[in-house]
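Student: I have a structure open here and would like to go through its ligand contacts. Could we begin?
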Amino acid sequence: MPPFRADLHCHSTCSDGSLSPYDLVQEAFSAGLQGLSITDHDTIAAYTLAAEAAQQNQVLLIPGVEFSATLDDSSVHLLGYSFRLASPSIQELCRRHAIRREERNREILEKLSRLGMPLTMEEVRSASEITGSIGRPHIALAMVQKKYVPNIQEAFKRFIGDRRPAFAKGSPVSAEETIAAIREANGLAIIAHPHLIQDPSILNKLLELPFDGIECYYARFSTESNAPWIDIASKRGWLITGGSDFHGSVKPTIPLGASWIGEEVFQRLYEHHLKNNVS
Ligand code: AMP
Ligand code: ZN
Ligand code: FE
Ligand code: FE
C-alpha cells in the first residue's frame, strides 16, 4: 500500500489555477493523493464544486483558502483550513477581497495603459478560462497574448510584480484581521510559504502573530530549505503543513503533489473540518 499523501495547497479556476475544482480532484486521484485542500486566492467557491468529485474519487477534501494580507505595507499570504464554510466572517472577508481585486485590477490596467500597453478587462477575461476572480497571472497572460512581453515571468518582473511600475494592491486587509476572521470561523490559521518571504523583519513580525501552523513543505523546495520551518513549528507546537501550490498550466513546472503531508497531520485537519461542517 503506498503511503498516505495529502496536498494542502493548490488553485482552481475559481482563482488563478487552470483546472476546474472538479478536474483538480480527479487530478489528485490520478496523482495517488488521498487528501486535498483547494486553497484559492481569497475565495472558498471551489469547495462546494469539488465536494461531489471528492466523494466519487474517494479523495478526502478539507475546506481551504489562501488570503492575501498586508503586514507593514508588505504582502503576505495566509492559509486557512477546516473553517466553518457557512461562517459569515470568512464570507465577509472573501467579499471584501472581491471588491479589492476589482479596484486593483482596474488600477493595474490603467497603469499599463499609461505605460503604452492598453488592455481591456474583456481582453484579460478572454485570454484565460476565468470562472472566478481575475488575478495577476490572468493579466500577465493577456499581456503575453498582446505581445507586450514574451512570457508571464517577464510580465511580473518588469511590470506587475510587487512594487513594479504597474503594480497596485487596492485597499489592504491586515494579517491580524485575517487571522481573526479564520479563528472566528473556528478554522486553523497557517503561515503560507515562509520560504518566499525575503524581508527578515516581516518574517519576525509574522512569527509573533497567533498562528496554528506553518507551511513547512512547499512546492519543489528541498529538504534543507524546509528544515528551518519544521524546527520553528516543532519548538512552538504548531502544525506542520505542506502543499505544492499547483496552478496547472499557469505554473507548468510544479505538479500536484510536489509537496505533501502524511496521514497524522491530515487526520487532525480532517477531524477539525468534520466537527465544524457535519452536524
Ligand atoms: P494576485 O493574487 O492576483 O495578486 O496574484 C498572485 C499570483 O501571482 C500568485 O498565485 C503567484 O503565483 C503569481 N505570481 C506572483 N509573482 C509572480 C512571478 N514573479 N511570476 C509568476 N507568477 C507570480
Ligand atoms: Zn495563484
Ligand atoms: Fe501564495
Ligand atoms: Fe498559492
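Tutor: In this predicted model, an N or O atom in the side chain of Arg-101 lies 2.8 Å from an oxygen atom of ligand 1.

Student: How much of ligand 1 does the protein bury?
Tutor: The protein buries 75% of the 500 Å² that ligand 1 exposes when taken alone.

Student: Which residues surround ligand 1?
Tutor: Among them are His-41, Arg-101, Arg-104, Arg-136, Gln-153, Phe-156 and His-247. Asp-16 also belongs to the surroundings, and a polar atom of the Asp-16 side chain is 3.1 Å from an oxygen atom of the ligand. For Lys-251, a polar side-chain atom likewise lies 3.1 Å from an oxygen atom of ligand 1.

Student: Now the metals. What are the protein donors of the iron ion (ligand 4)?
Tutor: They are His-9 (NE2), His-11 (NE2), Glu-66 (OE) and Asp-245 (OD), at 2.1 to 2.2 Å from the ion.

Student: What is the geometry of that iron site?
Tutor: The site is irregular, with angles of 80 to 167° among the four donor atoms.

Student: How are the donors spaced along the chain?
Tutor: The spacing is H-x1-H-x54-E-x178-D. His-9, in the loop between β1 (6-7) and α1 (21-30), and Asp-245, in the loop between β7 (239-243) and α10 (263-277), are 236 residues apart, so distant parts of the chain are linked.

Student: Is His-9 buried or exposed? And where does the zinc ion (ligand 2) lie relative to the iron ion (ligand 4)?
Tutor: His-9 counts as buried because its relative accessibility is 0%; Asp-245, at 4%, is buried as well. The zinc ion (ligand 2) is 4.7 Å from the iron ion (ligand 4).

Definitions and conventions
Residues are numbered from 1 along each chain as its sequence is written. Chains are lettered from A and ligands numbered from 1 in the order in which they are written. This is a predicted model: local features need pLDDT of at least 70, side-chain atom pairs count only at pLDDT 80 or more; totals for chains, interfaces and linings use all residues. Side-chain values use heavy atoms; hydrogens and water are left out. Donors are N, O and S atoms within 2.8 Å of the metal (3.2 Å for Na, K and Ca); water is not among the atoms, so sites may look incomplete. Four donors count as tetrahedral if all angles lie between 85 and 135 degrees; four count as square planar and six as octahedral if opposite donors are over 155 degrees apart and all others between 65 and 115; anything else is irregular. Helices (H or I, at least four residues) and strands (E, at least two) are DSSP runs, numbered from the N terminus. Buried means under 20% relative accessible area, exposed over 50%, partly exposed in between (1.4 Å probe, protein chains only). A residue is near a molecule or strand if one of its heavy atoms lies within 4 Å of it. A polar contact is a pair of N or O atoms within 3.5 Å; within protein, one must be able to donate a hydrogen and the other to accept it, and residues adjacent in sequence count only if both atoms are side-chain atoms. Accessible areas come from the Shrake-Rupley method with a 1.4 Å probe; for residues, only the protein chains shown count as cover.
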